[in-house]
Every structure is written in structure tokens, then in C-alpha cells.
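Here is a short note for a colleague opening this structure for the first time. Please read it with the model on screen.

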Amino acid sequence: MKKKVLSCLLCAAMAFRMAACGEEPTTDFQSESMEESGEESTGDDQQGSEGEPPVEESSEESQPAEEEPAAAEEPEGEAEGPIALRTEAEAFVDGDVSAEEDHLGGLKDKAWAMYNVDLADGGYNQISIRYGADSIGGTVRLWIGDADYKEFGELLGEAVFQGTGSWDMDSAVTFDVPNLKGQSGSTDLVIEWESPEGESDYLMNPDYFELYKLTGANAKKNSWDFFDNSFVGEYAGYRGEEPDYTHIYVTSDCYVGYKLDFGEEGGYQELALTGDFVGECALELRLDSPDGDLVGNVSFTGAADWTNDNTHTYTVEVPELAGVTGGHGIYFVFKSGDFNLMSFRFYDKPALKVSERVEAEQDIEGTTSHDKGEQSSAGGNIGGTQGNVYIVYRLDFEDGGYNKVLIRFGTITPGGTIDVRCGDPDGELITTIALNAADAPDSKPENFGSDWVAFADFEIDVPDLAGLTGEQVICFVFHPTDGDSNWVGNFDYYEFSK
């Protein structure tokens with residue numbers, strides 16, 4: 001298909017520390033009670049609501065819940081979701097379309113428009129187009145603009161859109177574009193429209209399109225990485241001082257929407273919420289819209305007043321969510337209580353008991369970005385452990401006291417180290433484990449050091465793990481001896497002991 005085409009985003013969140021990652025449960029629900037510090041998030045860095053938080057996050061004594069902070073300011077409008085990268089439809093740089101004042105028009109069969117979009121460090125894998133269509137509908141496609149601008153490049157994805165019966169731009173068509181995830185920086189994107197059977201009627205009036213980063217539901221999600229919200233109230237939507245966002249403040253009658261991928265099999269039945277919570281807290285989980293299908297009810301009793309540590313984690317069951325698969329907008333609709341919500345994470349697997357063997361490939365999350373190396377599971381082990389690759393496990397330390405670990409791994413490199421951290425790659429450092437290939441035991445196989453799957457058993461003292469009890473989310477961060485361009489090794493399993 002030949003067409004002439006011309007050439008013409010939050011920072012690392014503040015870390016909140018807890019002693020040894022643990023605290024006692026504060027409700028009848030199981031408290032995971034681990035440290036969860038923020039992690040880097042990128043996207044369209046849009047300004048959030050201004051004003052002071054409902055509680056000062058400092059070592060000073062907290063203000064009562066009913067008392068307003070002295071320096072409060074009225075927020076200006078709704079806070080936009082920083083994870084959504086929005087481009088106005090009329091901001092095209094070339095195309096076979098007509099620009100209206102605040103939207104596109106004149107979209108007939110084979111209409112197209114090219115946009116130059118800054119994808120920053122990339123990771124976007126879904127597009128949603130806001131539109132109205134008093135028409136029969138049609139097909140919309142997203143392409144990468146070809147390098148010489150003489151034809152469309154790679155087809156990223158397409159979807160059928162329906163006529164809405166009105167030109168009012170209050171509907172959306174959303175589809176996945178997984179091959180866009182690896183694109184970064186300034187990128188030319190082409191949107192093309194096609195009418196069924198070549199009909200010449202006008203197809204749609206697009207208002208804008210948004211690119212999203214669908215993340216796995218098992219990954220920790222920072223609360224401010226929403227794509228939709230209805231913040232209400234004087235302090236609603238406060239996210240901490242830009243750019244070091246720490247939380248969002250939400251209360252009853254608010255909703256917040258997140259883009260998540262529940263995978264092909266689903267099975268997510270637990271939700272962990274981390275933050276500072278006051279009163280009888282309740283929220284609903286709804287699918288794809290604030291009044292969409294109800295897929296979970298969450299309730300727990302928070303503190304009587306705001307506290308200083310802001311590190312309570314409540315893990316609650318949401319069995320209705322188990323049947324949800326694939327990519328969705330998941331909406332938190334808040335019904336009662338006050339939330340300084342820092343982060344959340346869904347679980348599809350129970351915690352692994354460290355009194356039993358933990359297979360390396362039983363992680364709940366792992367790095368897969370090309371710039372940090374790749375985490376891969378195959379043949380009953382896990383590899384690809386380049387510099388700063390991380391793997392997250394949900395472990396049950398029961399009554400604690402585990403101070404030894406046997407790590408079975410193979411390598412053809414000098415080895416490296418594993419930072420053991422609470423919750424995520426930026427979490428509190430618990431201990432560092434050295435895995436030097438030269439220190440392999442005499443019982444190692446003859447081909448250890450020359451074969452990736454010639455595994456040797458390294459028995460290592462880890463006294464700093466002895467204080468961990470109950471369920472914890474633990475992150476292993478790998479560092480090769482020879483730097484980021486090399487690997488630590490392939491890992492088979494871990495056995496903890498006392």
C-alpha cells in the first residue's frame with residue numbers, strides 16, 4: 001500500500017521502610033506487612049491536583065483525620081493519569097483527513113493520519129481511540145510509519161469499531177498493539193480507517209487517542225499510574241510533591257482506573273493493598289468502566305487515625321476475579337473509608353512455603369525488558385540473569401528462623417551476587433548473597449563452569465533472613481561479577497533451612 005507520508009514521561013517513588021519487611025496484622029484479614037517502596041514509572045508526566053495531603057508524611061506527629069492541614073490549597077480540576085500518553089486527533093503531521101477545531105473529520109474509506117509521538121523509554125502496548133460515529137462503523141488500524149515515508153511500515157494491530165448513532169465523541173475503541181512495546185523515543189505512528197466493502201460514507205469523528213502500558217496484574221502497581229479517575233473532595237487525588245509521587249488520596253464516591261493484563265489463564269484471587277488507611281474501608285472492583293461488571297468486593301478495618309509509617313499492607317480475597325483473563329481496565333470504586341493508597345498487586349498463586357523446596361521458575365514476576373536483560377523459564381530452571389534483572393517471589397517464612405539457603409545453579413561465567421530485597425528492586429536491602437563460581441563445592445559435576453545446566457549446590461549462610469516471618473514478597477536482583485553484559489547463571493531451585 002503506497003502512500004506519501006511526510007516527515008515533518010513518574011520518577012522513582014519515595015521509599016517507605018519497615019524493620020525486616022514485617023509488621024503484625026492489624027485486621028482479621030491476612031496482613032502481608034512488607035516494605036513496598038515506589039518504583040520508576042514512565043509515561044505522560046501530567047500535572048496532578050495541587051494541595052496538601054490529608055496527613056503530613058514526616059516524623060512529626062500526625063494531624064487528626066478530621067483536622068485540615070494548615071497550608072491546604074484547593075485542587076485545580078481532576079488529576080490526569082500519568083500512565084496514559086494522549087495525542088489529540090487533530091495534531092496529525094500528514095494524512096488524508098480534515099482537521100476540525102478539536103477533532104478529525106472527513107474520514108472516508110482508506111483515510112489515514114500520521115502522528116509523531118514521543119514514546120520516551122517505550123513500553124506502550126495498547127491504544128484507545130475516543131470517537132463518535134453516526135455511521136455503519138468500520139476497521140481502524142495502527143501502523144509504524146516507514147523510514148522513507150513512502151509506505152506504511154509494520155502493522156501493529158487493528159480492531160472493528162461500531163457506529164454509535166451520534167457524532168458526539170463519547171465512545172472508545174480499544175485494542176492491543178504488543179509490537180509497539182519495544183518502540184521508544186520519537187516515533188511516527190499512522191492510523192488508518194477502512195469502511196466495510198469500500199462504503200464511501202464518513203466513518204468516525206476521532207477526538208484523541210491514548211497509548212497505555214498494560215502491565216501484568218501480578219506486578220506491583222504504583223497507585224498514581226492510573227489512566228482514569230473521578231477524584232472528588234478537597235484533597236482527593238493528592239499524589240505527594242511532584243515528581244516524587246508517594247500515594248494518592250481517595251475516599252468514598254471516587255473511582256480510579258488501571259490498565260492490567262490478567263493473562264490467558266487468569267486465576268487471580270487475592271489483592272494486596274499498601275498504604276495508610278483510616279476507618280471502615282470498602283471498595284468494589286469493576287471491569288472496564290466504573291459501572292462495569294462487579295468482579296470483587298474488598299473491605300477491611302483501617303486505623304482509627306492517620307499514622308506515620310504509611311506501610312500497612314492488607315491482603316484480601318477476591319474470588320470473583322478468578323475468571324477474568326486478558327487485558328482490561330480494572331476500576332477501584334471506593335465506597336467508604338479514607339485511603340492514602342501507595343501501591344497494589346494481584347496474586348494468582350499462594351505463597352510458597354520455604355520449609356519446602358522452592359523451584360526457581362515459581363516466581364510471580366520477573367524482568368523481561370531488553371535493556372535490563374531477559375528472565376526466562378525453561379526446562380525447570382530460570383536463566384537470563386544479566387545485570388539488574390530481578391525475580392520476585394511470594395514466600396511464607398512461617399515462624400521464621402531460616403538462616404541458611406542451598407542454591408542450585410549452573411554457570412559458565414565467574415558468577416556474581418544476588419541482592420535480596422523487600423517487595424521490589426528498590427525495596428529495603430535484606431542481604432546480599434555471593435555466588436562465585438570458583439567457590440563451587442567439590443561435589444560439583446565435572447562440566448560445571450562449561451555447561452549452563454551443569455548445576456552445583458552452593459550452601460550459604462543468610463543470618464539476615466532469620467527475622468522474616470509469615471508471608472513476604474521477596475525480590476532477587478542479580479549482579480554479574482563481570483558487569484551488566486554478562487550473566488550470573490541458570491537457577492534450578494532454592495532450599496531454606498534453620
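**Notes on the model**

1. D253 is exposed, with a relative accessible area of 64%. D253 sits in the loop that runs between β16 (248-251) and β17 (255-261). Its backbone deserves a look: D253 has a positive phi of about 75°, yet it is not a glycine. Most residues other than glycine have a negative phi.

2. K110 raises the point again. K110 is not a glycine, and its phi is positive, at about 70°. The loop between β5 (104-105) and β6 holds K110. K110 has 34% relative accessibility, so it counts as partly exposed. Exposed would need over 50%.

3. Now the overall picture. The model is predicted. The protein has 33 strands and 0 helices. It has 498 residues, and 54% of them are buried. The protein exposes about 20800 Å², with 43% of that supplied by carbon and sulfur atoms.

4. Which strands form the five-strand sheet, and in what order? The sheet is open, and its 5 strands run in the order β3-β6-β11-β8-β9. The pairing is antiparallel. β3 (94-95) and β9 (152-161) are the edge strands, and each pairs on one side only. Strands of a sheet pair through backbone hydrogen bonds.

5. Look at the pairings inside that sheet. β6 and strand β11 (residues 186-194) run antiparallel and are joined by 7 bridges. Within this pairing, M114 has V190 in β11 as its bridge partner. On to β8: 6 bridges join β8 to β11, again antiparallel. Here V140 has W193 of β11 as its bridge partner. β8 is also joined to β9 by 7 bridges, and the two run antiparallel. G145 stands opposite F152 in β9.

6. Is strand β8 (residues 138-145) enclosed or open to the outside? Of its 8 residues, 8 are buried, so β8 is largely enclosed by the rest of the structure. The cut-off for buried is under 20% relative accessible area.

7. There is also a four-strand sheet. This open sheet has 4 strands in the order β2-β12-β7-β10, with antiparallel pairing. β2 (85-88) and β10 (171-176) stand at the edges with a single partner strand each, so one side of each has no neighbour in the sheet. The twist averages 20° from one strand to the next. Strand β7 (residues 126-132) and β10 run antiparallel, joined by 6 bridges. In that pairing, Q126 stands opposite D176 in β10.

8. Turn to the aromatic rings. How many aromatic pairs does a search of the whole structure find? The search finds 30. One of these joins Y115 and F209: the ring centres are 5.0 Å apart and the planes lie at 75°, so the pair is edge-to-face. Y115 is in strand β6 (residues 112-118) and F209 is in strand β12 (residues 205-212), so the pair ties together parts 94 residues apart in sequence. Y115 counts as buried at 1% relative accessibility. F209 counts as buried too, at 2%.

9. Compare that with F478 and F491. Their aromatic pair is tilted, with 5.2 Å from centre to centre and 50° between the planes. F478 lies in strand β32 (residues 471-480) and F491 in strand β33 (residues 490-497). The two are 13 residues apart, and the pair links distant parts of the chain. F478 is buried, with a relative accessible area of 0%. F491 is buried as well, also at 0%.

10. Rings also gather in a cluster. Ring pairs link Y258, F262, Y268, F277, F300, Y314, F332, F334, F339, F344 and F346. Select these residues together to see the cluster.

11. Last, two lysines placed over rings. K108 lies over the face of Y202, 5.1 Å from the ring centre. K259 has its charged end over the ring of F227, at 4.7 Å from the centre of that ring.

Terms used: Residues are numbered from 1 along each chain as its sequence is written. This is a predicted model: local features need pLDDT of at least 70, side-chain atom pairs count only at pLDDT 80 or more; totals for chains, interfaces and linings use all residues. Side-chain values use heavy atoms; hydrogens and water are left out. Rings of Phe, Tyr and Trp (its six-membered ring) pair if their centres lie within 6.5 Å; planes under 30 degrees apart count as stacked, over 60 as edge-to-face and the rest as tilted. Buried means under 20% relative accessible area, exposed over 50%, partly exposed in between (1.4 Å probe, protein chains only). A charge sits over a ring if NZ of Lys or CZ of Arg is within 6 Å of the ring centre and within 35 degrees of the ring normal. Two strands pair if DSSP finds at least two bridges between them. Accessible areas come from the Shrake-Rupley method with a 1.4 Å probe; for residues, only the protein chains shown count as cover. Axes are lines fitted to C-alpha atoms, for helices over the stretch in contact, and angles run from 0 to 180 degrees between N-to-C directions.
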